[in-house]
Amino acid sequence: MNEHLARVVGDRVRFYRTAARQTKTVVAGLTGITPDYLYQIERGQKLPTITVLAQLADVLYVELGDLLSHRPTPEKQHNNTEAGDALYRALTNPISPAPTTAPALPTLHDAVQNAWHTWQTSPQRYSSLNAQLPELVADATSAVRVAAPEKQRDAQREAADLYCLLRTVTKRVGRSNLALLAADRAVQAAEAADDPIRLAGAKWNLTQVLLADGQAEGAEEIAMQAVEELRSFVAADHADALALSGALLLIAGIAAVRRGDAWTARDRLHEAAPLAEQTGERNTCWTAFGPTNVAMYAVTIEVESGEAVEGLRLAERINHDRSPSIERRVAFLLDQAKGYQQRRDYASALLLLNTAEREAPEDVRFRPAAHVLLRTVVERGRRSVSLEASRLASRVGLPL
């Protein structure tokens, strides 16, 4: 065996699999090999045959030569929209000199809550918030700077809530660098507010950024640490602590399945389920936690672990309209589309994508996961399915 070539191929396969945020189980299943064999390939211990290598390239949506190259160059998602640029300026250019006036804290509170409500409920949430958020950042910064000592904690709470919102918005417009910055500021603001519940919510947001960046182990560690920090509140049946513990267990489950441990992911789901029964549909810190979300995460875990048939079976029982968050509802539709893609049922995948576009057209336009699914349907679906998918791509402004 050519050991140098085996290491090069292994590095490239691991690189592109990680960039695609696919687990070894899923990639191995689609390739027709065992997860253990894929593990040995990625470690440089086995040099795959040309047939296997070609199938890996097909599954990872790269050229065969990319798996033999020393310098991988996958396409990166980075949407330099005007909205993203405006948020960049707002987050990186602190107000100077320090303002002497700021909006009253009740006014700021209402504005942040209304922005969150728009984000979770409006099909036009991106365009609705584009103009508002930079101004809200300035207002929150002013509020923290001028608040009297006895009002500092209140001001920091509003800042924490706003930065959590900015985390998800910046992630969706392709500015992952800003998403990490916003998540970190949310944690700092929650700590300054001495608010354990908001701190747990801010850490939940931070895990989302780490997961999107492929750092599953780091995300899992932070989530489980936050669960431990809430344990005394959970023991006292604090409703918000119960909800946030459940939300953190769910995201830790996703982290576990992405590092290849589906059984731990399912265990975390089973821990979260009784908490959801206690809280009902609570949506603490805008995490959308409740029985519906637990059921949706069960689908995500099965699909991400390569068990598409089981995931789609579970999805049939869920009324996704019960979720308070349009973002979560769209994610659920995309998870189902991904499950059908794994089964190579591109017509059903397209049906789910069309449903997502009807419910939230801007989400299909901005979400990288939707773009990957849509391109796959265009490239691999039957002619009629491919043509319909191309029309959908045109409607959402996705170049093919």
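The axes of helix α16 (residues 291-304) and helix α17 (residues 308-315) come within 7 Å and cross at roughly 165°. Helices here are DSSP runs of H or I with at least four residues, numbered from the N terminus; axes are lines fitted to C-alpha atoms over the stretch in contact, with angles from 0 to 180 degrees between N-to-C directions. This is a predicted model, where local features need pLDDT of at least 70 and side-chain atom pairs count only at pLDDT 80 or more, while totals for chains, interfaces and linings use all residues. Residues are numbered from 1 along each chain as its sequence is written, and side-chain values use heavy atoms, leaving out hydrogens and water.

**α16 against α17**
- The pair is therefore roughly antiparallel (under 35 degrees is roughly parallel, over 145 roughly antiparallel, 65 to 115 roughly perpendicular, the rest oblique).
- Their crossing is left-handed, meaning that the near helix is turned anticlockwise from the far one by less than a right angle.
- From α16, Ala298, Val299, Glu302 and Val303 meet Ala308, Glu310, Gly311, Leu314 and Ala315 of α17, with contact meaning heavy atoms within 4.5 Å.
- That contact splits into 6 nonpolar, 1 polar and 2 charged residues (Ala, Val, Leu, Ile, Met, Phe, Trp, Tyr, Cys and Pro count as nonpolar, Asp, Glu, Lys and Arg as charged, the others, Gly among them, as polar).

**α17 against α18**
- The axes of α17 and α18 come within 9 Å and cross at roughly 140°, which makes α17 oblique to α18.
- This crossing of α17 and α18 is left-handed.
- Ala308, Leu312 and Ala315 of α17 touch Phe332, Gln336, Gly339, Tyr340 and Gln342 of α18.
- The α17 and α18 contact has 5 nonpolar and 3 polar residues, and no charged ones.

**The largest cavity**
- A cavity is a set of points on a 1 Å grid over the protein atoms alone where a 1.4 Å probe fits but cannot get out; a pocket is an open set with protein on both sides within 12 Å along at least five of seven lines, and lining residues have an atom within 4 Å of a point.
- The largest cavity holds about 60 Å³.
- Its lining includes Leu30, Tyr61, Gln342 and Arg380.
- α18 (326-342) and α21 (368-380) each give that lining at least two residues.

Notes:
Points joined across faces, edges and corners; volume = space filled by probe spheres on them.
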